[in-house]
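Here is a protein to explore slowly, one part at a time. Have a look at the picture first.

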Amino acid sequence: MKKFIIAALFLPSIALADTAVLTPEATAALNFNQWYISQIMNGKEPLSDYASLNSYVTSDTIGKLKALGKLDPNENDAPDADMFIKAQGYQNDWNRVTVVGTDFDAACMQVYVAFGMNKKHVVIDCMVKEDGAWKVQSVAARNLN
């Protein structure tokens with residue numbers, strides 16, 4: 001019983017330590033992906049909400065999104081997957097978003113973000129600093145196969 005009580009006392013600190021070790025760029029990526037997937041799950045179109053995206057995404061990337069939105073879908077190939085979650089749809093448990101790793105790249109800080117309880121769907125957010133804040137510059141899919 002004594003071991004159980006001691007273990008229970010340490011459990012909250014372990015859980016807090018997991019979130020406390022996130023770097024600023026990982027925290028920014030986590031916040032963005034939580035906001036973004038919640039918008040999609042609530043039936044909203046976050047790709048056209050430029051004001052909200054501005055808090056999370058670089059101005060250069062938003063400019064490219066605006067240009068992409070002006071293209072005629074009948075004349076141009078439309079992307080077949082969402083550019084930020086790299087999927088055509090989502091699973092019901094994707095509101096659970098987790099940072100599973102980070103990596104330094106010459107162009108940016110890469111933050112690996114997993115969706116769902118099983119963490120099988122992972123994207124890599126390329127994070128850069130813009131006006132003192134970490135923002136998403138681009139996203140790549142991570143193939144787990």
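Q: I'd like a close look at the aromatic rings: which residues form one aromatic cluster? Please also tell me what surrounds them.

A: The cluster is made of Phe32, Trp35, Tyr36, Tyr56 and Phe84. Before going on, a word about the model: it is predicted, so local features need pLDDT of at least 70 and side-chain atom pairs count only at pLDDT 80 or more, while totals for chains, interfaces and linings use all residues. Residues are numbered from 1 along each chain as its sequence is written, and side-chain values use heavy atoms, with hydrogens and water left out.

Let's get our bearings. The protein chain has 4 helices and 4 strands (DSSP runs numbered from the N terminus: H or I of at least four residues for helices, E of at least two for strands). From the N terminus on, their order is α-α-α-α-β-β-β-β.

Now for the rings. Across the whole structure, a search turns up 8 aromatic pairs. Rings of Phe, Tyr and Trp (its six-membered ring) pair if their centres lie within 6.5 Å; planes under 30 degrees apart are called stacked, over 60 edge-to-face, and the rest tilted. Phe32 and Phe84 make an edge-to-face pair, with 5.1 Å from centre to centre and 75° between the planes. Phe32 sits in helix 2 while Phe84 is in the loop between helix 4 and strand 1, so this pair ties together parts that are 52 residues apart in sequence. Both Phe32 and Phe84 are buried (buried means under 20% relative accessible area, exposed over 50%, and partly exposed in between, with a 1.4 Å probe and protein chains only).

Another pair to find is Trp94 with Phe115: the ring centres are 5.3 Å apart and the planes meet at 35°, so this one is tilted. Trp94 is in the loop between helix 4 and strand 1 and Phe115 is in strand 2, 21 residues apart, so the pair links distant parts of the chain. Trp94 has 6% relative accessibility, so it counts as buried. Phe115 is at 0%, so it counts as buried too.

Stay with Phe84 for a moment. Leaving out residues up to four places away in sequence, Phe84 touches Phe32, Asn33, Tyr36, Leu47, Leu53, Val57, Leu65, Val123, Val136 and Val139 (contact means heavy atoms within 4.5 Å).

That brings us to the nonpolar core, a set of buried Ala, Val, Leu, Ile, Met, Phe, Trp, Tyr and Cys residues joined through side-chain atoms within 4.5 Å. The largest one has 26 residues, and Phe32, Leu53, Phe84, Ile85 and Phe115 touch the most other members. Two or more residues come from each of helix 2 (24-41), helix 4 (59-69), strand 1 (97-104), strand 2, strand 3 and strand 4 (133-142). Helix 2 gives the most, with 9 residues. As a general background, nonpolar side chains tend to be buried together in soluble globular proteins.

Next, the strands. Strand 2 and strand 3 pair in the antiparallel sense over 7 bridges (strands pair if DSSP finds at least two bridges between them). Met109 stands opposite Met127 in strand 3. These two strands form a hairpin with 5 residues between them, and Gly116 in the turn has a positive phi of about 90°. Strand 3 is also joined to strand 4 by 9 bridges, again antiparallel, with Lys129 opposite Trp134 in strand 4. That hairpin has 2 residues between its strands, and Asp131 takes a positive phi near 50°.

His121 lies in strand 3 (residues 121-130) and has a relative accessible area of 18%, so it is buried. The side chain of His121 reaches the backbone oxygen of Ile85 at 2.5 Å; that is a polar contact, meaning a pair of N or O atoms within 3.5 Å where, within protein, one must be able to donate a hydrogen and the other to accept it, and residues adjacent in sequence count only if both atoms are side-chain atoms. Gln110, in strand 2 (residues 109-115), is at 16% relative accessibility, so Gln110 counts as buried. Its side chain makes a polar contact with the side chain of Asp105 at 3.2 Å.
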